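Trainee: I'd like to learn how to read a protein model piece by piece. Can we go through one together?

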Amino acid sequence: MRPEELPDGTTVVRKRGESGQAAAEAAGLNWLADAGAVPVPRVLGAEDRELVVEYLPPAGPDAAAARRFGAGLARLHAAGAPAFGAPPPGGASEAWIGRAPMRNSPSPDWPDWYAEHRVLRYARRARDAGDLTADECAEVEAACTVLADVAGPPVEPARLHGDLWSGNVLWSRGPAGRGGPGDGRGRVEAWLIDPAAHGGHPETDLAMLALFGCPHLDAVLAGYQAVNPLAPGWPDRVGLHQLFPLLVHVALFGQGYAAGALSAARSVRRLADGIP
């Protein structure tokens, strides 16, 4: 996706995808923006297969920006959602996470919803494709039976980015304007891009940030905790929340991610057995 300058001098990025994907992502970006907590690029157009957003010239991350990002992420989560699995206003029930289909099916109960719509769906898809064995899929299914016991204290549905790996956090000084790329003059901030937004558990976004190495993660977490302290034991639940994105990776990219998904499933079982 290369930046493109429009006749009025605005610099944009065009993103093409499956039918309906642009509208779903636009709804997610607008929902995140409505919270006024973490900056997101403005949506300038959304057709059936094409999304147009303002271009953000990249910049290097720093610890101060990371701490502000963590504080903003806490406020974004606190903006809430109607239910676990709720899509953004105007968003589709059948949405996407990356190139994988993702169902937004509202539920009042996080463990059951997470098991059905965020874990088992991808585990069984991977099994059917031959990327998980039947025994490996059974391990994931066994982990799902104890989710209610290890999920920690109940939480209200949070407004999640939903696909918050480090590649979907863009560090920038702000959008390029009429002068073309690179003229953002603000301080460096973390901007959210490419969401799979829905109502969910706040620890899921944080676990995704840890999965592939967000820059200055310690500062992000410190900023988050200063605004909204996480429930005791949250570091032990990171594997529980990483199970979903790891299984999405197995379903999309194959067996190379299976070992990580199984490790996450086993961490859930260890939590249930009281084993550190």
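Trainee: Which residues lie nearest the centre of the largest pocket?

Mentor: Gln21, Ile97, Gly98, Arg99 and Asp163 do, out of 34 residues lining it. Looking at whole elements, β2 (11-16), α1 (21-34), β5 (94-97), α6 (202-211) and α8 (238-253) each give two or more residues to the lining.

Trainee: Since the model is predicted, what is the mean pLDDT of the chain?

Mentor: Think of pLDDT as the predictor's confidence in each residue, from 0 to 100. Here the chain's mean is 93, with 96% of its residues at 70 or more. Residues 178-182 are a stretch to read with that in mind: their pLDDT is below 50, though the stretch has 14 contacts in the model beyond near neighbours in sequence.

Trainee: Now helices. How do I find the buried side of one?

Mentor: Here's the general idea: an α-helix has 3.6 residues a turn, so residues three or four places apart point the same way. Now try it on α4, residues 134-144, where Cys137, Val140, Ala143 and Cys144 are buried. Those residues cover an arc of only 110 degrees around the axis, so they sit on the same side of α4.

Trainee: Which exposed residues does the face of α4 turned away from its buried side carry?

Mentor: Ala134 and Asp135. As for the buried residues of α4, their cover includes α3 (110-129), α5 (147-150), α8 and α9 (258-273).

Trainee: What about the loop between α3 and α4?

Mentor: Asp131 lies in that loop. Leaving out residues up to four places away in sequence, Asp131 touches Ala126, Glu136, Val250, Gly254, Gln255 and Ala258.

Trainee: Could we look inside α8 too? Is Val248 buried or exposed?

Mentor: Buried means under 20% relative accessible area. Val248, found in helix α8, has 4% relative accessibility, so Val248 counts as buried. Setting aside neighbours within four places in sequence, Val248 is in contact with Ile97, Ala100 and Tyr122. With residues up to four places away left out, His249 touches Phe212, Gly254 and Tyr257.

Trainee: And backbone angles? Which residue has a positive phi of about 50 degrees although it is not a glycine?

Mentor: That's Asp194, in the loop between β9 (189-192) and β10 (198-200). Asp194 is partly exposed, at 22% relative accessibility. His216 also has a positive phi, about 55 degrees, without being a glycine. Look for His216 in the loop between α6 and α7 (217-227), where it is partly exposed with a relative accessible area of 36%.

How values were computed: Residues are numbered from 1 along each chain as its sequence is written. This is a predicted model: local features need pLDDT of at least 70, side-chain atom pairs count only at pLDDT 80 or more; totals for chains, interfaces and linings use all residues. Side-chain values use heavy atoms; hydrogens and water are left out. On a 1 Å grid over the protein atoms alone, a cavity is a set of points where a 1.4 Å probe fits but cannot get out, and a pocket is an open set with protein on both sides within 12 Å along at least five of seven lines; lining residues have an atom within 4 Å of a point. Helices (H or I, at least four residues) and strands (E, at least two) are DSSP runs, numbered from the N terminus. Contact means heavy atoms within 4.5 Å. Buried means under 20% relative accessible area, exposed over 50%, partly exposed in between (1.4 Å probe, protein chains only). The arc is that of the directions from the helix axis to the C-beta atoms.
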